[in-house]
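Okay everyone, thanks for coming along.

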Amino acid sequence: MRILLIGPPGAGKGTQAVRLAAYLSIQHISTGDLFREHIDRGTDLGQNAHTHIHAGLLVPDEVTIGVIKERLARPDTERGFLLDGFPRNLAQAQALDGILADSESRLDAVLDLEIPEVQVVRRIAGRRLCRQHREHIFHVDYSAPEVAGVCDFCGGELYQREDDREATVRKRLEVYRTETAPVVDHYQALVTTISAHGQVQEVLDRALDAIGQGQADAAGTSS
Ligand code: ADP
């Protein structure tokens, strides 16, 4: 399966993407994570990306498209992939369409996570990530670790992303409204909008239902 996950910062894309990809046995590809890996390794690409991420802006298209092209060319994506955070504007959507056409493949679904903006700031302010494994994500109120500052899964140190400061979050939301929201229209025929409200498992169940992989669907009891 090839799936896109779209939604504003703080909608829980990363949290859901990890679970959906594991459930479907497909690769989870997050452009944000790919950039953060470059930043940690101190590459030129990472330094360039950092300037934009820090300001709440999109990393330039030629950089982002290059990164995603290289990632999608790896053989582990043959079974499918879930793109988290790409495409984020129309130029990137068109580039993805070209990449898929070249490999004679197509998208199966586009999931659009929806959340009121007032909730975004609260969610992001409490978000904490594990230094050891980026997919280990916590929230100080909604999914708190057993010991503050320590990852439940691997004992790694939890930290706050620097672009999760309120001023940067507001800029990211503005960029989302103007640049990313049109991507949903671009993929209109494939889009299912899902409420990001509620528990992690509830949102996951909605997402699985939307792609015909819910428990009821699997049992053949759903219409
Ligand atoms: P979130 O979805 O919470 O904003 P991400 O980890 O997906 O977090 O992205 C963090 C930052 O990385 C973005 O604010 C942006 O600066 C950069 N980034 C991620 N994906 C893209 C993309 N497709 N195009 C340009 N910049 C991107």
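Predicted model: local features only at pLDDT ≥ 70, side-chain atom pairs only at ≥ 80, totals over all residues.

Residues are numbered from 1 along each chain as its sequence is written, and side-chain values use heavy atoms, with hydrogens and water left out.

Which residues come nearest to the ligand? Out of 19 residues around it, they are Lys13, Thr31, Arg36, Leu57 and Gly85. A residue is near a molecule if one of its heavy atoms lies within 4 Å of it. If you sort the shell by type, you get seven nonpolar, five polar and seven charged residues. For that sorting, Ala, Val, Leu, Ile, Met, Phe, Trp, Tyr, Cys and Pro count as nonpolar, Asp, Glu, Lys and Arg as charged, and the others, Gly among them, as polar. Helix α2, residues 31–41, gives the largest share of the shell, with four residues. Helices here are DSSP runs of H or I with at least four residues, strands are runs of E with at least two, and both are numbered from the N terminus.

Now the polar contacts. That term means a pair of N or O atoms within 3.5 Å; within protein, one must be able to donate a hydrogen and the other to accept it, and residues adjacent in sequence count only if both atoms are side-chain atoms. Arg36 has a side-chain N or O atom 2.8 Å from an oxygen atom of the ligand. On its own, the ligand has 540 Å² of accessible area, and the protein covers 97% of that. Accessible areas come from the Shrake-Rupley method with a 1.4 Å probe, and for residues only the protein chains shown count as cover.

Let's stay with Arg36 for a moment and look at Arg134. The side chain of Arg134 reaches the backbone oxygen of Arg36 at 3.4 Å. Arg134 is in the loop between β5 (127–130) and β6 (137–139). Is Arg134 buried or exposed? It counts as buried because its relative accessible area is 17%, and buried means under 20%, exposed over 50%, and partly exposed in between, with a 1.4 Å probe and protein chains only. Leaving aside neighbours within four places in sequence, Arg134 is in contact (heavy atoms within 4.5 Å) with Asp33, Arg36, Glu37, Asp40 and Tyr159.

There's also a record to mention here. An unreviewed UniProt entry lists residues 127–163 as "domain: Adenylate kinase active site lid". UniProt positions are given in the numbering used here, feature names are shortened, and annotations may be inferred rather than shown by experiment. In the model, that span is 0% helix and 24% strand, and its end C-alpha atoms lie 11 Å apart.

Next, a pair that touch each other: Asp164 and Arg172. Asp164 is in the loop between β7 (158–159) and α7 (166–186), while Arg172 is in helix α7. Asp164 is buried, because its relative accessibility is 3%. Arg172 is buried too, at 12%. Not counting residues up to four places away in sequence, Arg172 touches Pro9, Gly56, Ile124, Arg127, Arg161, Asp163 and Asp164.

Last stop: the backbone. Where is there a cis peptide bond? It joins Phe86 and Pro87, with omega at about -5°, and Pro87 is in the loop between β3 (81–84) and α5 (90–102). Then there are positive phi values in residues other than glycine. Ser25 has phi near 55° and is in the loop between α1 (13–24) and β2 (27–30). Glu104 has phi near 50° and is in the loop between α5 and β4 (109–114). Ser25 is partly exposed, at 45% relative accessible area, whereas Glu104 is exposed, at 77%.

That's my tour, so over to you for questions.
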